[in-house]
Amino acid sequence: MTKSNQLKSHPLNNPFAKAPIVRLQGQPVLLFTPQHGSLLQALEAKKVRIFSECRSGFCGACKTKVLSGRVSYLTEPLADLNADECLPCCCIPSEDLELDLSPEGAAVVTYSCNTRAQSTSTRKTANLKAVPQQEVIED
Ligand code: FES
């Protein structure tokens, strides 16, 4: 199948297809849509730490291991790749995708209110520790 045929038959071109879920080490981070542009742009929008330089498939700086799933390339990658690697700067997910990137610092998708409440609570505790002690003067 040629590259242009591959993109024409891509699930994102089917309005009834499910948007691919991108997971980082098991954590769901994003639901990929055409508005994201490349996989790299989508990951950066979610504050995922990923190194990049050329952003055009040439240097290989963004090379990432794919744990499961497949990608389609927007432009032909010029950097050498193993079968289990992708270049997020010039590809998009073809199906649900799991990457070997750390979800640390990323805005991960949470499934329940309890999880969210717990992380908010943790954040408040962390903020309280950062605030310097102030003397309270009462009348
Ligand atoms: S940033 Fe250079 S190949 Fe992706």
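Two strands pair if DSSP finds at least two bridges between them. I start there, since much of this talk is about a sheet. One more definition goes with it: helices (H or I, at least four residues) and strands (E, at least two) are DSSP runs, numbered from the N terminus.

Residue numbers start from 1 along each chain as its sequence is written.

First, confidence. pLDDT is the predictor's confidence in each residue, from 0 to 100. The chain has a mean pLDDT of 78, and 69% of its residues reach 70 or more. Over residues 115-139 pLDDT stays under 50, and the model has 2 contacts beyond four places in sequence for that stretch. By contact I mean two residues whose C-beta atoms, placed from the backbone, lie within 7 Å. Where pLDDT is low, the predicted coordinates should not be read in detail.

Now the overall layout. The chain contains 3 helices and 7 strands. Along the sequence they follow the pattern α-β-β-α-β-β-β-β-β-α. Taking contacts between residues at least 6 apart in sequence, 56% join residues at least 24 apart.

I will go through the pairs. β1, residues 21-24, and β2, residues 27-31, are antiparallel and share 4 bridges. Ile 21 has Leu 31 as its bridge partner in β2, and Leu 24 stands opposite Gln 27. Gln 25 lies in the loop between β1 and β2, and its phi is near 45°, a positive value in a residue other than glycine. Gln 25 counts as partly exposed, because 13 other C-beta atoms lie within 10 Å. The cut-offs are these: a residue is buried if 20 or more other C-beta atoms lie within 10 Å of its own, exposed if 12 or fewer, and partly exposed in between, with C-beta atoms placed from the backbone.

β1 also pairs with β7, in parallel, through 3 bridges. There Leu 24 is bridged to Leu 99 of β7. Leu 99 is also the bridge partner of Val 66, where β3 and β7 run antiparallel with 2 bridges. Finally, β3 and β5 are joined by 2 bridges and run antiparallel, with Lys 65 bridged to Glu 85 in β5.

Next, the interior. Of the 139 residues of the chain, 22% count as buried. A nonpolar core here is a set of buried Ala, Val, Leu, Ile, Met, Phe, Trp, Tyr and Cys residues joined through C-beta atoms within 7 Å. The largest such core has 22 residues, and Val 22, Leu 39, Val 71, Leu 87, Cys 91 and Leu 99 touch the most other members. At least two residues each come from β1, β2, α2 (39-45), β6 (91-93) and β7 (97-99). Which of the elements gives the most to this core? That is α2, with 4 residues. Leaving aside residues up to four places away in sequence, Val 22 touches Val 29, Leu 30, Phe 32, Pro 93, Leu 97 and Leu 99.

Last, the loop between α2 and β3, the latter at residues 64-68, where Ile 50 is found. Is Ile 50 buried or partly exposed? Ile 50 is partly exposed, because 18 other C-beta atoms lie within 10 Å. Beyond four places in sequence, Ile 50 touches Leu 40, Leu 43, Glu 44, Cys 62, Pro 88 and Leu 101. From Ile 50 to Leu 40 is 10 residues in sequence and 7.9 Å in space, C-alpha to C-alpha.

Arg 55 sits in that loop between α2 and β3 as well. Its phi is positive, about 60°, although Arg 55 is not a glycine. Arg 55 counts as partly exposed, because it has 16 C-beta neighbours inside 10 Å.

Technical notes:
This is a predicted model: local features need pLDDT of at least 70, side-chain atom pairs count only at pLDDT 80 or more; totals for chains, interfaces and linings use all residues.
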